Structures are given as structure tokens and as C-alpha cells.
Amino acid sequence: MVDVGYAEAVYGEVSVLVGANRGTYPFGNSLLVRGTDAALVVDPSLSLVEAAPPADVVLVSHAHEDHIAGLGSYADVPVHVHEADSAALRSREALVAGFGLPADAAASTDEKLRDHFHVHGRPDAVSFDDGAVFDLGGRTATVVHLPGHTAGHCGFLVEPDGFLFIADVDLTSFGPYYGDVSSSLADFESSMRRCREIDARWYGTSHQKGVIEGADEFRKRLDGYAGVVQRRDETLLALLDEPRTVADIVAHRLVYRPHVEGAHVEPVERRTAERHLDRLLAKGLVAEVEPGRFRTT
């Protein structure tokens, strides 16, 4: 008997293929959706590398390695992604460039994506846009563009089941991640508001939190998740009680805990700090008191 590497949980006719350790990175949760005419897989993860279920089409929520590691199992199956993430899905080089890493770290990351996540690029990937509908026969999956995490990050609403897959709007205590080159804090907040407005029976996430049942419970958890962004603002405002540089803010950390190490930490912290700082400057809550030094007003 083949060890498939995932557990299957069923919601209507939507199967969530739960990755190892509840889908915690580097693993993730994938979807299998069957209609009368076709079946689709969403975000083939590492858990699908050895025993992927058959599918007629693959949808990718966004071009990050943990969401595409199992694509090799679908070499002859059409793969679709939002236009804004299409370059990163088609080319591993473009994917790595989007992380904005120093040259030496970019080289080692490229090797990791190739050797551990089996990422080789899908130059045949077809792009979709917001509102695109995939008809499987008696069941549809509609694209819901939710940018911010990446420019092309998307969810998928499966009907008639009422299952909204929201990918890396993942509701974890880590909070929203908008540290890539193409990420956007403003877009992520707008996407969370859009999620809040969609009534569904189930809300599926890519990591750890799994599936939340009921709009009220989902909105409660979404509010807590969005609150992490507000706490980052508050942390930054408190830090700027005295003049600080961006380097000072990066060293203090808004995103990662002090024990977290890696070449990705500094660039992610810097982009996150700059995005919060720009917002607080625009609101007049912070001012540049001398070149490169900022303080609350």
C-alpha cells in the first residue's frame, strides 16, 4: 500500500489533502475537487510528490514553493495561475528573484527550491484573472483575486458546496506575510476585507488552521489575524518615541522572533518595516526628523 503522505478530509465534494504537521511549512494543504466531467487539484504540495491523485486541471493560488512542489506529478496536465504570478511559476529564476535576497542567498535558495521542492518552472502555465470560472460539470471553481501576499495570490470559491479556499490568508498567529518584492500591505488588508464579505459554509487555509466552518467563526478569526498588522503598527509607533533609522527598526523586528535566523530575515524585515513606515508617514503619525531618521509626531 502506498503512503500518500497526506490525510484526506471531505467537505461536501471538496477533499482537503492535509499535509504533514497540519500543513505547516514546508508542507501545505491541497484541494481535490471532483465534478461530473473533470477533477481539479489546487496547490499540489510536497505531500503530493509521491502519490498525487489524478486530475484534469491544476490551479495554483500563488507562486511560492510550498504550493507548487508537487507539480511534477502533473507534467501533462494544464496548470493555471493568476497573470501577476505567472512569470514566477514559469521560471524558477523569476520565483527566486521575487524573494529579493542577497546574491549568495539567492543561489542557495535556488538550489533548495530545485532539490527539496522539485521546482523546475512551468513555462506552459496558463494565466487567469479575477472571476475566471472552471466548470467541472455540476461544480465550479471561481477565482477570487486576493493580492498582497504576492501580487497574484488568489482564492477559489467552490460551488455549490460553499467552500472558499483562501490559501495564505492562513489565519495563523504569525499573521499576514507581505515581505516579498511584489507584496503589498495595502493590498493584503483589502484582500482580508474582501474575504470577510464572502459568505461561505467552509473556509480552507493552506497551513495549520485547516478548515473553518461558518462565516461568523471565520470572521472572528480573520479579525484576530488582521489584528497582527495593527500590532505591528503599534510596535513601530512605540519604537519611534525616539528617532530611529530603518536599520534600527529592522534590528528590533516586526515579523520574526529573535531566535529565527536565515538570509531571508533581514530583507523581509526591511520591506515590512518600510511598508509600515510609509503608511504611518502618509497618515502624519510619523515624521522624518532628520535624513534617514524617523520619530512619532
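**Pockets, strands and ring pairs**

Author: Let us begin with one detail: helix α3 gives the largest share of the lining of the second largest pocket, namely four residues. Please keep in mind that this is a predicted model.

Reader: How much space lies in the second largest pocket?
Author: The second largest pocket holds about 160 Å³ of space.

Reader: How many residues line the second largest pocket, and which lie nearest its centre?
Author: It has 14 lining residues, and D85, A88, G98, T150 and S182 lie nearest the centre. Two or more residues of this lining come from each of α3 (83-90) and α4 (92-97).

Reader: And what is that lining by class?
Author: Eight of the residues are nonpolar, four are polar and two are charged.

Reader: What about the largest pocket, how much space lies there?
Author: About 1300 Å³. Its lining is made of 40 residues, and Y25, F174, Y177, Y256 and H264 are the closest to the centre of the pocket.

Reader: Which residues line the largest cavity?
Author: The lining consists of F174, P176, Y177, Y178, G179, R232, V255, V268 and T272. Domain 1 (7-225) and domain 2 (236-296) each provide at least three residues of this lining. Six of the lining residues are nonpolar, two are polar and one is charged.

Reader: Let us turn to the rings. How many aromatic pairs does the structure hold?
Author: It holds nine aromatic pairs. In one of them, the ring centres of Y11 and F163 are 5.9 Å apart and the planes stand at 55 degrees, so this pair is tilted.

Reader: Is F163 buried or exposed?
Author: F163 counts as buried, because its relative accessibility is 0%.

Reader: What is the geometry of the pair of Y178 and F188?
Author: The ring centres of Y178 and F188 lie 6.2 Å apart with the planes at 70 degrees, so the pair is edge-to-face. Y178 sits in the loop between β11 and α6 (185-197), whereas F188 is in helix α6, 10 residues apart from it. Both Y178 and F188 are buried.

Reader: One last topic: which way do the residues of strand β6 point?
Author: In β6 (residues 79-82), V79 and V81 point one way and H80 and H82 the other, and all are buried. In a regular strand, side chains alternate between the two faces of the sheet.

Reader: And which strands pair with β6?
Author: Strand β5 (residues 57-59) pairs with β6 in the parallel sense over two bridges, and L59 stands opposite H80. Strand β7 (residues 126-128) also runs parallel to β6, joined by three bridges. There, V126 stands opposite H80.

Terms used
Residues are numbered from 1 along each chain as its sequence is written. This is a predicted model: local features need pLDDT of at least 70, side-chain atom pairs count only at pLDDT 80 or more; totals for chains, interfaces and linings use all residues. Side-chain values use heavy atoms; hydrogens and water are left out. Rings of Phe, Tyr and Trp (its six-membered ring) pair if their centres lie within 6.5 Å; planes under 30 degrees apart count as stacked, over 60 as edge-to-face and the rest as tilted. Buried means under 20% relative accessible area, exposed over 50%, partly exposed in between (1.4 Å probe, protein chains only). On a 1 Å grid over the protein atoms alone, a cavity is a set of points where a 1.4 Å probe fits but cannot get out, and a pocket is an open set with protein on both sides within 12 Å along at least five of seven lines; lining residues have an atom within 4 Å of a point. Grid points are joined across faces, edges and corners, and a volume is the space filled by probe spheres set on the points. Ala, Val, Leu, Ile, Met, Phe, Trp, Tyr, Cys and Pro count as nonpolar, Asp, Glu, Lys and Arg as charged, and the others, Gly among them, as polar. Two strands pair if DSSP finds at least two bridges between them. Domain bounds come from an automatic or database domain assignment.
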